[in-house]
Amino acid sequence: MYKYNKKKREMAKRYSRIKIAMGILNGIFVPIIFLLALVSSGLNSKIIGVAHSFGILAVPVYAFIFLTLMIVVQFPARFYSSFVYEHKYKLSNHTLFSWFVDYFKGIFLGYVFFIPLITGLFMIIGIQLWWLYATILYFLLVLAMSYVFPIIILPFFYKIEPYGNEEHKKRLLAMTRELGLKNVKNVVVIKESEKSKKPNAVFMGIAKTKTIGLFDTLINSFPKPEIESVIWHELGHYVGKDNIKHVIIETLKMAFILFVVDNVFRAYSIPFDISSFPFLMLSFILLELIAMPITNTYSRWLEKKADLFSLKLTKDLDAHISTERRLADMHLSLTKANPLLEFIFFTHPSPEKRVRYAKEYYEKMKSHKLS
């Protein structure tokens, strides 16, 4: 069984502290400061003036300028957190060039999705029940993204190749069929080693695009029982229809946010046009923060269920514990998180909680079998 590396445990404390802080800074404080500065400085009015000079293209032009400015203000913290800091702790395999290639690919996709999304929103915003129509469109968009992710988006960022271990591949697919997932026909290897040292596995796609994805960092660094522990965890999400549950939860959260925005804008006579877009974004960030502890608590519960599903299949407690510890060391994760931070920001239970849940569940399985 894998034992924690003491040196990595000390590194994890330093690494995670700054990583969490940078995430909060760039995900919450930088956007809020940017939005307040945009309005108070008068820059928003100037952008609107430029956008209106393009006539019917005013909204997409405004969205383009807005997103560009947001990218610029978030760049320093993002570059430091995802390139400089990752190299400092030897977790990244990116060259400066390859990092920028991925960075600009992400920006390109941001423009592709953000500009039509905002343009569509402002075509319906303000009409009766616009928030409901926007929620329905959001739901359809998320479903579409889930469908195309394995066949378009993932290959855009990663090199993908077929899983070469035919015997293991047949076993994985046979197991998925036994559990009722008949549409899963593809197992691929994702070349994460070109970008980082972090291992993982994913079940992705919906309908005919369902795919098992194994990071090469997982295959090359973990013994087979631990690889399967990770795979069956991901399979647990599919069997439990957690992907659909996440879509529903995110859709309900979006409905709540848009409904509140609609009522606040009407109550304070805020115009439903692009001049109010910074207020719309600010409302979204603040309401997202309010909803985050609820949705993340639910996410941690689903992760716990997927862990226990994996353990129930493998019945290998040692492999399960060893997997959690090896993953924690390779990701430099905190084994025990601050309870408040975990409650608000963490989508997964801390590794030691996952180990405790597994031990408790395994003892119940043993006692049930004996009885």
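## Helices and basis of the model

Helices are DSSP runs of H or I with at least four residues, and strands are runs of E with at least two, both numbered from the N terminus. The model described here is predicted, so local features are given only at a pLDDT of at least 70 and side-chain atom pairs only at pLDDT 80 or more, whereas totals for chains, interfaces and linings use all residues. Residues are numbered from 1 along each chain as its sequence is written, and side-chain values rest on heavy atoms, with hydrogens and water left out.

The mean pLDDT of the chain (the predictor's confidence in each residue, from 0 to 100) is 94, and 99% of the residues score at least 70. Helix H3, residues 58-88, has the highest confidence, at 98. The lowest belongs to helix H6, residues 166-178, with a mean of 88.

## Nonpolar cores

A nonpolar core is a set of buried Ala, Val, Leu, Ile, Met, Phe, Trp, Tyr and Cys residues joined through side-chain atoms within 4.5 Å. Buried stands for under 20% relative accessible area, exposed for over 50% and partly exposed for values in between, with a 1.4 Å probe and protein chains only. The largest such core comprises 46 residues, and Tyr62, Phe66, Phe122, Trp130 and Phe277 have the most contacts inside it. Two or more residues of this core come from each of the helices H1 (6-40), H2 (43-52), H3, H4 (96-124), H5 (130-157), H9 (242-267) and H10 (277-314). Apart from it lies another core, of 28 residues, which includes Tyr163, Met175, Leu218 and Met330.

## Aromatic pairs

Rings of Phe, Tyr and Trp (its six-membered ring) pair if their centres lie within 6.5 Å; planes under 30 degrees apart count as stacked, over 60 as edge-to-face and the rest as tilted. The structure holds 33 aromatic pairs. One of them, between Phe66 and Phe277, is edge-to-face, at 4.8 Å centre to centre and 85° between the planes. This pair links distant parts of the chain, since Phe66 belongs to helix H3 and Phe277 to helix H10, 211 residues apart. Phe66 and Phe277 are both buried.

Phe75 and Trp99 form another edge-to-face pair, 6.2 Å centre to centre with 65° between the planes. Because Phe75 lies in helix H3 and Trp99 in helix H4, the pair ties together parts that are 24 residues apart in sequence. Phe75 is partly exposed at 26% relative accessibility, while Trp99 is buried at 5%. Both rings belong to one aromatic cluster, formed by Phe75, Phe79, Phe83, Trp99, Phe100, Tyr103 and Phe104.

## Leu96

Leu96, in helix H4, touches Phe79 and Phe83, not counting residues up to four places away in sequence. At 45% relative accessibility, Leu96 is partly exposed. Its C-alpha atom is separated by 24 Å from that of Ile24, 72 residues apart along the chain.

## Salt bridges

A salt bridge is a side-chain nitrogen of Lys or Arg within 4 Å of a carboxyl oxygen of Asp or Glu. The structure holds 17 salt bridges. Arg266 is partly exposed at 41% relative accessibility, whereas Asp262 is buried at 7%. Elsewhere, salt bridges that share partners join Lys19, Glu86 and Lys198 into one network.

Helix H9 also contains Glu250 and Lys253, 3 residues apart, about one turn of the helix. Their salt bridge has its closest N and O atoms 3.1 Å apart. Glu250 is partly exposed at 28%, and Lys253 is buried at 10%. In helix H1, Glu10 and Lys13 are likewise 3 residues apart, about one helical turn, and form a salt bridge with the closest N and O atoms 3.5 Å apart. Glu10, at 42% relative accessibility, is partly exposed, as is Lys13 at 43%.

## Charges over rings

A charge sits over a ring if NZ of Lys or CZ of Arg is within 6 Å of the ring centre and within 35 degrees of the ring normal. The charged end of Lys195 is placed over the ring of Tyr158, 5.0 Å from its centre. Lys105 lies over the face of Phe156, at 5.4 Å from the ring centre.

Notes
Contact = heavy atoms within 4.5 Å.
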